[in-house]
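Keep the structure open as you read, and look up each residue as it comes along.

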Amino acid sequence: MKTKMRKRLAAIAIAACSVWTISASPVSAVYNSSKVTQQDALSTAYQTYYMACAKNKFPAGKYWNHNNYGNLDTYSDIPCKRDPNNAPNHDACNSIYNGKVVGPGLQKLPEDEVAAYAWQCAGFARKLAMDFTGGGRVFVRMGMDKNFRLRVGDQLRIRCYGANNSYSDHSIFVTEVSGSSFKFADCNWTGDCKIRWDVQGIIHNGSLIIGNKFYPTLYVERPLMAGDVNADCVVDGTDLSIIRQISNGTYKFNGSYEKYVRQVADVNNDNTVNAKDVFYFQQGLTGNPNMKMRFLTFIMD
């Protein structure tokens, strides 16, 4: 029954895609103004809708590059060419602004650990993630242990080993999760920027199994939600307690980057953290339809 319902939703979504343009452009520079709410992104209905639209926009078997001189919202029929030694020629590969990446607990990461732009597989995963959140451009980077639970919208960076201990790193975008099994989309698995959808994998003790091979996970990046002041990717009573402490001046920031925490805590976007944010957050937690919690589109150092 669930499978039939999922297929029906997908069919409706594909029909609706012609009137819904997926775009990673934020509503404004205000930092929690994504077009998609947190509640929507966590719902199966929206996830099914978005994936169907994205598959229609970036068809499997096509190439996410600019061989057709298009933009990041298009694809081409031409693979990235190879040079006479059969090595990829990356002149046509796409890249995208990487947004802001923060560490666990809203720590500030060293600049040399985060590239300004993501390209090829990393760029495609980032593009899908930004579109999925309707403009979310701030991401939490975290490790994956044996208790980690994948979420639709996650971007995973995995290590692919070859002969003689050689390796390359690859990024994927999680599209569906069922227990320890999941599906993902990516591009450039074969070095030519070809797009793939519905590739199946299994998560096992912090590593991924794709086909019959193990792939260690270097890190996971997940869109940061407004109000998630401890950056554990769950908006709950713990965050409410911290926001309340920030508003009354009793919170100890410890290892967190204070400037980040204050911006994430400002859930009503008035450039200060006070009792209004506490009230707004409480109403958002209880499902008040007038208090829409969104993803961060911007954060200042």
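## D77 and its partner

D77 is exposed in this predicted model, with a relative accessibility of 53%. Which residue does D77 pair with? The partner is K62, and the closest N and O atoms of this salt bridge are 2.7 Å apart. K62 and D77 both lie in the loop between α3 (44-57) and β1 (95-97), so their contact ties together parts that are 15 residues apart in sequence. K62 is partly exposed, at 28% relative accessible area.

How many salt bridges does the structure hold? The total is 13.

D301 counts as partly exposed, with 38% relative accessibility.

D186 and R196 also form a salt bridge, and here the closest N and O atoms are 2.8 Å apart. D186 belongs to strand β7 (residues 181-187) and R196 to strand β8 (residues 195-204), 10 residues apart. Is D186 buried or exposed? At 1% relative accessibility, D186 is buried; the cut-off for buried is under 20%. R196 is partly exposed, at 21% relative accessible area. Salt bridges can also join up: K57, D73, K127 and D131 are linked in a network.

## Aromatic pairs

Turning to the rings, the count comes to 12 aromatic pairs. One of them joins Y97 and Y117, with 6.2 Å between the ring centres and 70° between the planes, an edge-to-face arrangement. Y97 sits in strand β1 and Y117 in strand β3 (residues 117-119), so this pair ties together parts that are 20 residues apart in sequence. Y97 is partly exposed, at 42% relative accessibility, whereas Y117 counts as exposed, at 53%.

How are the rings of W189 and Y215 arranged? Their centres are 5.8 Å apart and their planes stand at 65°, so this pair is edge-to-face; the cut-off for that class is over 60 degrees. W189 is in the loop between β7 and β8, and Y215 is in strand β10 (residues 213-223), so the contact ties together parts that are 26 residues apart in sequence. W189 is partly exposed, with a relative accessible area of 30%, while Y215 is buried, at 8%.

A further group to pick out on screen is the aromatic cluster formed by Y46, Y50, F132 and F173.

## Charges over rings

Which arginine lies over the face of F139? R126 does, at 4.0 Å from the ring centre.

## The cavity

A search of the whole structure finds 1 cavity of 30 Å³ or more. The largest cavity holds about 100 Å³ of space. Its lining includes A41, L42, Q47, F132, T133 and R151, along with V152, G153, R222, P223, M225 and F295. By class, this lining divides into 7 nonpolar, 3 polar and 2 charged residues. F132, one of the lining residues, is also a member of the aromatic cluster with Y46, Y50 and F173.

## The second largest pocket

How much space lies in the second largest pocket? The volume is about 300 Å³. Of the 19 residues in its lining, the closest to the pocket centre are A118, A122, R157, S171 and Y219. Elements that give two or more residues to this lining are β3, α4 (120-132), β5 (155-161), β6 (167-178) and β10.

The lining of the second largest pocket has 10 nonpolar, 3 polar and 6 charged residues.

Note on methods. Residues numbered from 1 in each chain as written. Predicted model: local features only at pLDDT ≥ 70, side-chain atom pairs only at ≥ 80, totals over all residues. Heavy atoms only, no water. Salt bridge = Lys/Arg side-chain N within 4 Å of Asp/Glu carboxyl O. Helix = DSSP H or I, 4+ residues; strand = E, 2+ residues; numbered from the N terminus. Buried < 20%, exposed > 50% of the residue type's maximum accessible area, 1.4 Å probe, protein only. Phe/Tyr/Trp six-rings, centres within 6.5 Å; stacked < 30°, edge-to-face > 60°. Lys NZ or Arg CZ within 6 Å of the ring centre and 35° of its normal. 1 Å grid on protein atoms, 1.4 Å probe; cavity = no way out; pocket = protein on both sides within 12 Å on 5 of 7 lines; lining within 4 Å. Points joined across faces, edges and corners; volume = space filled by probe spheres on them. Nonpolar A, V, L, I, M, F, W, Y, C, P; charged D, E, K, R; others polar.
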